[in-house]
Every structure is written in structure tokens, then in C-alpha cells.
Amino acid sequence: MMKHNLIYILPFAIVFFASCNYHQKIEDPKQNALIFARGDKNTTDNFKGEVWVKSLINADSLNETAVGNVTFEPGARSKWHIHPAGQILLVTDGVGYYQEKGKSKQILHRGDVVKCPPDVPHWHGASADTAFVQIAITGREKGPTVWLKPVTDEEYNKT
Ligand code: MN
């Protein structure tokens, strides 16, 4: 009876394991590592370089906080800007930069977190040679982001 069951199960088992192996081969391992979608390519002039934005949570009357996933290709950066209610950044991949006005640039890696105070001019973006992925959690209760001047190459490259 045991042998009889095995004869039935074996072809299905072979097909199952073969299909698993097939999927592993065709999937891009980098795509596989993404948690949130990359979203759409930014078309505003609030950023320089190639930036992809995926809105995850819109602010509403229940939670006055917006959450978005932002991917910066190497060298891409935001303009200087202000969040009237502050912002929290969670770094999920790559190497990036964060700088507050009057302070030196910080280098950010996967797993780093930043608490950006309300009304403090700052910018963030990818490092020169490595892309950067962040979750931005932004309070909207005091109004939208205020965009300022572009970050110059001199500011961007200063260590
Ligand atoms: Mn910001």
C-alpha cells in the first residue's frame, strides 16, 4: 500500500520542485529584495537626478501623516526644504546623505533612522555612487513641505 502511494505522489513532487527551481532562476534577486514598490519616476523640480516615489499612506483626518517610499539613483538628491511638522526617515537600502542647514552632511546606511525637526532646512539623497532607498514619514498637520533652493554640487560633494 505504501509503495502504491509513492507512485502516485512522485510525479507531482517532481513537478512541484522543478517549478520552484524554475521560479528561482527567472526572478531578479534585486527585485526580490524590494519590500515596497519603486513607484513612479519623479517629474517635479523638487529633486535633481533620477528619483522614484511610491506613496504608501496619504494623510487624512485620522492620521495626519504621509508615508512614502523614495528611491534615489546615485547622485540624485532633493532640494533644500522644510517640513513644518517634521519628518522621520527610515533607511531601507543603499547609501545616502542627509544634511541640516549649518551642520555637516551625514552618511546614511540601510537600517539608519533620522528625525528631522520641524522647520529646519535640510536635504537628503543618494551618495555619489550608490543608490539610496528611504521611507519618509512626514507630518502634514502644519501644512505641506516648503521647497527651497537646489543643493549645489559643491554642497553635495562637501565632506
Ligand atoms: Mn525632508
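In which sense do strand S7 and strand S9 pair, and over how many bridges? Strand S7, residues 87-100, and strand S9, residues 113-116, pair in the antiparallel sense over four bridges. Pairing here requires that DSSP finds at least two bridges between two strands. Strands are DSSP runs of E with at least two residues, helices are runs of H or I with at least four, and both are numbered from the N terminus.

Some housekeeping. This is a predicted model, where local features need pLDDT of at least 70, side-chain atom pairs count only at pLDDT 80 or more, and totals for chains, interfaces and linings use all residues. Residues are numbered from 1 along each chain as its sequence is written, and side-chain values use heavy atoms, with hydrogens and water left out.

Back to S7. Leu-90 has Val-113 in S9 as its bridge partner. The S7 and S8 hairpin has five residues between its strands, and Gly-102 has a positive phi near 85 degrees. Five antiparallel bridges connect S7 to S10, residues 122-126, where Trp-123 faces Gln-99.

Now the metal. The manganese ion has protein donors His-81 (NE2), His-83 (NE2), Gln-87 (OE1), His-122 (NE2) and His-124 (NE2), lying 2.2 Å from it. Because Gln-87 sits in S7 and His-122 in S10, this pair ties together parts 35 residues apart in sequence. Donors are N, O and S atoms within 2.8 Å of the metal (3.2 Å for Na, K and Ca); water is not among the atoms, so sites may look incomplete. Gln-87 and His-122 are both buried, meaning under 20% relative accessible area, with exposed over 50% and partly exposed in between (1.4 Å probe, protein chains only).
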